[in-house]
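Work through the exercises below with the sequence and the structure at hand. Each task is followed by a solution in steps.

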Amino acid sequence: MPVASLLEWIESTDLSTAIREGALLYPIIGGFHLLGIALFGGMLLVTDLRLLGWAMQRRPVADLVEQSRPWKQLGFVVVVVSGLLLAWAEPQKLYRSPSFWVKMALFALVGVHALVFRAGVYRDPAKLDGATTSEARLAAILSLLLWAGLIVSGRLIAFDA
Amino acid sequence: MPFFEWLTTSPWANLMNGPEWAFPVVESLHFMGFALSIGTIAIVDLRLLGIGMRRQTAAELATDLQRWTLAGFALMLITGPLMFSADAVRYHENPSFQFKMTCLMTALLFHFTLHRRATRAGTPALAARLAGGLSLLLWTAVVAGGRMIAFV
């Protein structure tokens, strides 16, 4: 099976072995993954809570969305790069883990979320000031749920046999 | 230590050691708690450092985000001890756990004293930068120490 041999090849690379068997590399990359989640999550929370009208109501939506964007992007890059490295270390285990596939499905939905709501919510946040729309609220709730779901499914990977 | 041994036999420890889903669920809530608190603290820190969120003052951000930071602390400080009680004897001997607790106590103390003062209007720029940088460093150490627990 080509997938099986691909996974085997990944695990036989020096990088994979180094992350998997080094005493420090795996937890350090895992630590970066968590810090990226916190940075991304904090920025996401500020935006979403503002869209829901639960926090920072006196600040313009556009201010928060625009200012948090570069940090959100940085957090995203840190999460994805560290995540790829962690996956590179043990692809065979992940391939068999149901939680991993749930996580990947949710991750794909993050992309769908961005595509669906970009036009109505995130591209021109200034128009949401004064009157936040139900579309913006929906976008905020879904993004919080996706983020929570990614954390739970990610954590469950360690508990799959 | 008798106290830690007693902890591992407590009803909540039994819950944590009982159903298979208990530990991962509590651990996930722990992750959300620290993302909530450290994420919102990081926003204030980036402002203190002068590198992010500059359309607001640090004082405004700190006031706006305070209750979310506290909510994160609450979630973190409920779920953390729950996980600890599940295997208290081993955790308290774990060097990474001890490192994490030292950093956590320092970070919390710092957060509610010097860091809080640094967010006030009129703080000299250098003091604000130092407070922001130190805060990021301390919380990073807490997360890193926590991640290491499972590997020591």
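**Exercise 1: Helix α4 of chain A**

Task: For the predicted model, state what the buried residues of α4(A) pack against, then identify these residues and describe the course of the helix.

Solution. 
Step 1. The partners within chain A are α2 (14–21), α3 (25–52) and α6 (98–122), and chain B contributes α3 (22–48).
Step 2. The buried residues of α4(A) are A:V61, A:L64, A:V65, A:Q67, A:S68, A:W71, A:G75, A:V79, A:S82 and A:A89.
Step 3. The helix covers residues 61–89, 29 residues in total. From first C-alpha to last it reaches 41 Å, close to the 42 Å expected at 1.5 Å a residue.

**Exercise 2: The side of chain B that touches chain A**

Task: How many residues of chain B are in contact with chain A, and which helices supply them?

Solution. 
Step 1. Contacts link 26 residues of chain B with 26 residues of chain A.
Step 2. On the chain B side, at least two residues come from each of α3, α4 (58–86) and α7 (125–149).
Step 3. α3(B) gives the largest share, 14 residues.
Step 4. By residue class, this side of chain B holds 16 nonpolar, six polar and four charged residues.

**Exercise 3: The setting of A:E135**

Task: Is A:E135 buried, partly exposed or exposed, and which residues does A:E135 touch beyond four places in sequence?

Solution. 
Step 1. Locate the residue: A:E135 lies in helix α7 of chain A, residues 134–157.
Step 2. Apply the cut-offs: a residue is buried with 20 or more other C-beta atoms within 10 Å, and exposed with 12 or fewer.
Step 3. A:E135 has 15 C-beta neighbours inside 10 Å, so A:E135 counts as partly exposed.
Step 4. Leaving out residues up to four places away in sequence, A:E135 touches A:G120 and A:V121.
Step 5. A:V121 is 14 residues from A:E135 along the chain, and their C-alpha atoms are separated by 7.4 Å.

**Exercise 4: Chain A as a whole**

Solution. 
Step 1. Chain A has seven helices and zero strands, giving the pattern α-α-α-α-α-α-α along the sequence.
Step 2. The C-alpha trace spans about 55 × 30 × 25 Å.
Step 3. Of the 161 residues, 34% count as buried.
Step 4. Among contacts between residues at least 6 apart in sequence, 78% join residues at least 24 apart.

Terms used. Residues are numbered from 1 along each chain as its sequence is written. Chains are lettered from A and ligands numbered from 1 in the order in which they are written. This is a predicted model: local features need pLDDT of at least 70, side-chain atom pairs count only at pLDDT 80 or more; totals for chains, interfaces and linings use all residues. Helices (H or I, at least four residues) and strands (E, at least two) are DSSP runs, numbered from the N terminus. The expected span of a helix is 1.5 Å times one less than its number of residues. Two residues are in contact if their C-beta atoms, placed from the backbone, lie within 7 Å. Ala, Val, Leu, Ile, Met, Phe, Trp, Tyr, Cys and Pro count as nonpolar, Asp, Glu, Lys and Arg as charged, and the others, Gly among them, as polar.
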